Amino acid sequence: MRAPWLVLAAAALSGACHRREPAKTLDLDLIRVSGDARMRTDTVGDGAFQDTATFVLADAENRAAEGAYVTLGGALVDAAGADAGTLKPQSLWIPAGASRTFALVDEARKPRPAAKTARIEVRGALVPLDPPRAHIEELHSYVDRDRIIVQAYLVNDADRPGQIVVIGAFHDAGGRPMTRPFELVEIAARTRQVVRFVGPSESKRGTIFVGDAVY
């Protein structure tokens, strides 16, 4: 994970204000958070922004008929049920009927050894005036001995070049998230290029999707 990028959801909301049109949101009950979250303590960030912190990998499904920028947040919880740390909210674009894997990091970017589980909440589901201009096409997955490899095309439909965060997500045989690697891809206007991620040992399912973008 890196320092925050300009999120397209924020751009969509800004555009809505500029055009004097009310922002549309989904009923939050249409966003389903899976109970199979995975909590880990590991390295987060890169370079000068690198820390060791506790984070939670959690899947959310958009059951609505239209896509939205979904925001999850919540808290780490200790054995007694008390809060042991706040999870920094994260927003991801989730198309209608699709699911995405979120990586919710402790807001203070610290290890939380007392944390035993997490309480995850849906904080918002914003329907933008325009969908994201970057997306994934022709996703394929391959078995490589005991792991999954995923490959696809990142497509930039915008009329200008962009810096796109491309995210891979891998799940085990029970459907629980295992890892969520990412890569910052610089891509030219109106073009596409190959992206590829290798899953961890014992991964059984993998996917690729688009995160934040800057144009």
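The following legends describe close-up views of a predicted model.

Residues are numbered from 1 along each chain as its sequence is written, and side-chain values use heavy atoms, with hydrogens and water left out. Because the model is predicted, local features need pLDDT of at least 70 and side-chain atom pairs count only at pLDDT 80 or more, whereas totals for chains, interfaces and linings use all residues.

**View 1. The protein chain as a whole.** The protein chain contains 1 helix and 15 strands; helices (H or I, at least four residues) and strands (E, at least two) are DSSP runs, numbered from the N terminus. Its radius of gyration is 17 Å, close to the 17 Å that the globule rule gives for 215 residues, so the chain is as compact as a globular protein of that length. This radius is taken over C-alpha atoms, and the rule is 2.2 Å times the number of residues to the power 0.38. Of the 215 residues, 42% are buried; buried means under 20% relative accessible area, exposed over 50%, and partly exposed in between (1.4 Å probe, protein chains only).

**View 2. The open sheet of E1, E8, E5 and E6.** Strands of a sheet pair through backbone hydrogen bonds, either parallel or antiparallel. Here, 4 strands form an open sheet in the order E1-E8-E5-E6, with antiparallel pairing. E1 and E6 are the edge strands, each pairing on one side only. Two strands count as paired if DSSP finds at least two bridges between them. E1 (residues 24–25) is joined to E8 by 2 bridges, and lysine 24 stands opposite valine 127 in E8. E5 and E8 are joined by 10 bridges, with threonine 71 opposite glycine 124 in E8.

**View 3. The nonpolar cores.** A nonpolar core is a set of buried Ala, Val, Leu, Ile, Met, Phe, Trp, Tyr and Cys residues joined through side-chain atoms within 4.5 Å. The largest has 25 residues, of which Leu26, Ile31, Val70, Leu72 and Phe102 touch the most other members. Among the elements that give two or more residues to this core are strand E4 (51–62), strand E5 (68–78) and strand E8 (115–127). A second, separate core of 15 residues includes Ile148, Ile164, Phe170 and Val185.

**View 4. The surroundings of valine 70.** Contact means heavy atoms within 4.5 Å. Leaving aside neighbours within four places in sequence, valine 70 is in contact with residues including Ile31, Leu92, Phe102 and Val122.

**View 5. Alanine 53 in strand E4.** Alanine 53 lies in strand E4 and counts as buried because its relative accessibility is 0%. Apart from neighbours within four places in sequence, alanine 53 is in contact with Arg40, Thr41, Asp42, Val44, Val105, Arg109, Lys110 and Pro111.

**View 6. A charge over a ring.** The charged end of arginine 192 sits over the ring of tyrosine 153, 3.7 Å from its centre. A charge sits over a ring if NZ of Lys or CZ of Arg is within 6 Å of the ring centre and within 35 degrees of the ring normal.

View 7. Glutamate 138, in strand E9 (residues 134–144), has a phi near 55 degrees, a positive value in a residue other than glycine. Glutamate 138 counts as partly exposed, at 45% relative accessibility. Arginine 190 lies in the loop between strand E13 (182–187) and strand E14 (191–198), and has a positive phi of about 50 degrees although it is not a glycine. With a relative accessible area of 52%, arginine 190 is exposed.
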